[in-house]
Amino acid sequence: MRRTSLALILLILASGTLTAQGRGGQAGPQTARTAAPIDMTGYWVAIISEDWRWRMITPSRGDFPSIPINLAAQKLAEAWDPAKDEAAGEQCKAYGAPGLMRGPTRLHITWLDDSTMKLETDYGMQTRLFEFGAASRGAAKPSWQGTSVAQWVMAGGGRGRGAAGGARFGSMKSVTTNLRPGYLRKNGVPYSEKTSFTEYWDLLTETNGDQYLVDTNVVNDPVYLQLPWMTAIHFKKEKDGSKWNPEPCDARF
Amino acid sequence: MQSITPTDHRDTETQRNTFLWYWASLTVRPLTVLGAILMTVMPAFAQVDLTGSYQTRMYEDYIERGPGEFMGNYTGMPLTDDGRAKALLYTSNLPSTYERQCLPQSAGVFQYRPVGFRIWSEMAEDGSVLAWVIGGDNLRNDIRIWMDGRPHPSPNALHLAGGFATGKWEGDTLTARVTHLKTAWIRRGVGIPASDLTTITMHLTRREDLLTITTIQEDAYYLSEPHVVSRVWQWNPRGTEADRPICNTANEIPTLEDTGAVPHYLPGQNPEEDYMIRTFNVPKEAAMGYAETLYPEYRKKLKSIYKLPADCIARAPGYCCGWIETQGRPGGAPNLTCNDGGFGTLGPRGRRTATEK
């Protein structure tokens, strides 16, 4: 009897383990792609329903409410000169990851390989790679999109199970560092190379089938921020890429 | 459970009973262990404890949530013609009338309010969560999210400022559907209306000390498409958010009670209709909340016509400070030296009035 009970326990535990290893208990080694509890791939459009005046158009110099900057950042922002950025070849300063995600952009998310998710934007034509696991593409020079390390966060404390008929739930967490100094807002509100950009990506599905990708993010910058700057940005799923319209960086608009 | 061994042979009945107890003992103990294991590896569906006080962070829609939005600013809104027309009737002294004091306190408006809230659970007799409740002085009625599967009542049932809400867990996200709301505003201080047929889907996701709330509001009368708002709130272990089911009058002019007047602008006579146009060079269709202005392709229309407005510091009111560090109260961002829009100049030592040396 004891053996029977023990076998029962092991059987149930094994069953749960298989469920956690992939969709439908697929055989073979688990990859980030097969382990994904949510499908973020596809085309997404930012809905600029918040902070419209600061996100859709370039605000005036000194118009930086809501960002917890310090005095050093204020002085830099008040000296913002897009012509200087253009002359220095830095017209993409507002398109670094922490600023870009609040921009009026579409996202195109695909899998580059089994452990790397690719996020492209038509606004500024930027590409960011999310690397899962310990694998790294090696030390890289600081860039506008930096180095993003990602992991799946399974719902329910690690198993990705939800309430509805075995459906899988979870989110993606990413931390981006190795950033080239840029702007949090188009009008020259700075972030430094010491910035870390943490994001939590949630997929929300409505009863009518609409899907939203919500990017809850925290910008930590010990150089120019007095406190972490935390916001949530939402994108709506589009059926295809017919509205995808790449345009290069623009320091002025 | 006490262990019983099969050494007692007093009679057959006793022997049989003893055997059953022994069998039960062998079976129940592993099952108890099994249950304990399952509780750790297969968590219940209400995976996340939302209980606590949450503080707003004034990092999104700061002007609206802090000092108050510019009149005639409906940017970011997908308004119908009716919604736009009704919003343009609004004047700042409308909330001075008793009947309209509660319009800014509703399940829809709380994402635009400057103060925090509390969440707690109400338990059923069996220990399950019967309802999650969101309360705070930004809400006239608590939002009570029923988790027991009850249906929404008849459309003719009582409508409350907190509405009637049912919820379910989708992974670690609590999704609630709110109906039966009273007529209220969608955003505070500019008169953007919601009807009593409005519905809101709320998604609450807590991780570490952050709570993300995404609301998707629909209104057949006043919204041309769903209005989506996502906000981050921060858990505050020292939070003392009041749960006061009363309205904050927040009169900005002498009250108008007993005068019989309903403050309003007649159609076409709102002097602030073009405020955003003349102050920020925002095109009229954006300022007036046309849905097309919410999407990136609209920006391309602006590129050839948009002119950068004057520097913020030279504009009045400026509201050029970095942020308000104290929720809901005019207060300076520490150590900044910016103009906060007429409240006074802020310096390293704090606020000074405009006339103070």
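Which residue in β6(A) is the bridge partner of A:A150? The partner is A:S174. This is a predicted model. Chain A holds a closed barrel of nine strands with mixed pairing. One disulfide turns up in a search of the whole structure, over all chains. The count of aromatic pairs over all chains comes to 17.

**The barrel of chain A**

- The strand order is β1-β2-β3-β4-β5-β6-β9-β10-β11, and the barrel is closed.
- From one strand to the next, the twist averages 30°.
- Strand β5 (residues 147–154) runs antiparallel to β6(A), and eight bridges join them.
- β6(A) also pairs with strand β9 (residues 196–205) in the antiparallel sense, over five bridges.
- A:S174 has a bridge partner in β9(A), namely A:E199. A:S174 is also the partner of A:A150.
- A:K173 stands opposite A:Y200 of β9(A).
- In a regular strand, side chains alternate between the two faces of the sheet.

**A:V175 in strand β6**

- A:V175 belongs to strand β6 of chain A, which spans residues 170–177.
- Is A:V175 buried, exposed or partly exposed? Its relative accessible area is 30%, so A:V175 counts as partly exposed. The partly exposed class lies between the buried limit of under 20% and the exposed limit of over 50%.
- A:G99 is 76 residues from A:V175 along the chain, and their C-alpha atoms are separated by 15 Å.

**The disulfide**

- A:C92 and A:C249 form the disulfide, with sulfur atoms 1.9 Å apart.
- A:C92 lies in the loop between α5 (82–87) and α6 (97–100) of chain A, and A:C249 lies in the segment after β11 (229–238), so the pair ties together parts 157 residues apart in sequence.
- The torsion about the S-S bond of A:C92 and A:C249 is about 100°, so this disulfide is right-handed.
- A:C92 and A:C249 are both buried.
- A disulfide is a covalent bond between the sulfur atoms of two cysteines.

**Aromatic pairs**

- A:W111 and A:W152 form a tilted pair, 6.3 Å centre to centre, with 55° between the planes.
- A:W111 lies in strand β2 (residues 106–113) and A:W152 in strand β5 of chain A, so the pair ties together parts 41 residues apart in sequence.
- Both A:W111 and A:W152 are buried.
- In chain B, B:F70 and B:F280 form a tilted pair, 5.2 Å centre to centre, with 50° between the planes.
- That pair links distant parts of chain B. B:F70 is in the loop between α2 (62–65) and α3 (81–87), while B:F280 is in helix α4 (residues 275–280), 210 residues apart.
- B:F70 and B:F280 are both buried.
- Ring pairs also join B:Y54, B:F110, B:F117 and B:W233 into a cluster.

**Charges over rings in chain B**

- B:R65 lies over the face of B:W233, 5.5 Å from the ring centre. B:W233 is a member of the cluster with B:Y54, B:F110 and B:F117.
- The charged end of B:R150 sits over the ring of B:W146, at 3.6 Å from its centre.

Definitions and conventions:
Residues are numbered from 1 along each chain as its sequence is written. Chains are lettered from A and ligands numbered from 1 in the order in which they are written. This is a predicted model: local features need pLDDT of at least 70, side-chain atom pairs count only at pLDDT 80 or more; totals for chains, interfaces and linings use all residues. Side-chain values use heavy atoms; hydrogens and water are left out. Helices (H or I, at least four residues) and strands (E, at least two) are DSSP runs, numbered from the N terminus. Buried means under 20% relative accessible area, exposed over 50%, partly exposed in between (1.4 Å probe, protein chains only). A disulfide is a pair of cysteine sulfur atoms within 2.5 Å. Two strands pair if DSSP finds at least two bridges between them. Rings of Phe, Tyr and Trp (its six-membered ring) pair if their centres lie within 6.5 Å; planes under 30 degrees apart count as stacked, over 60 as edge-to-face and the rest as tilted. A charge sits over a ring if NZ of Lys or CZ of Arg is within 6 Å of the ring centre and within 35 degrees of the ring normal. Axes are lines fitted to C-alpha atoms, for helices over the stretch in contact, and angles run from 0 to 180 degrees between N-to-C directions.
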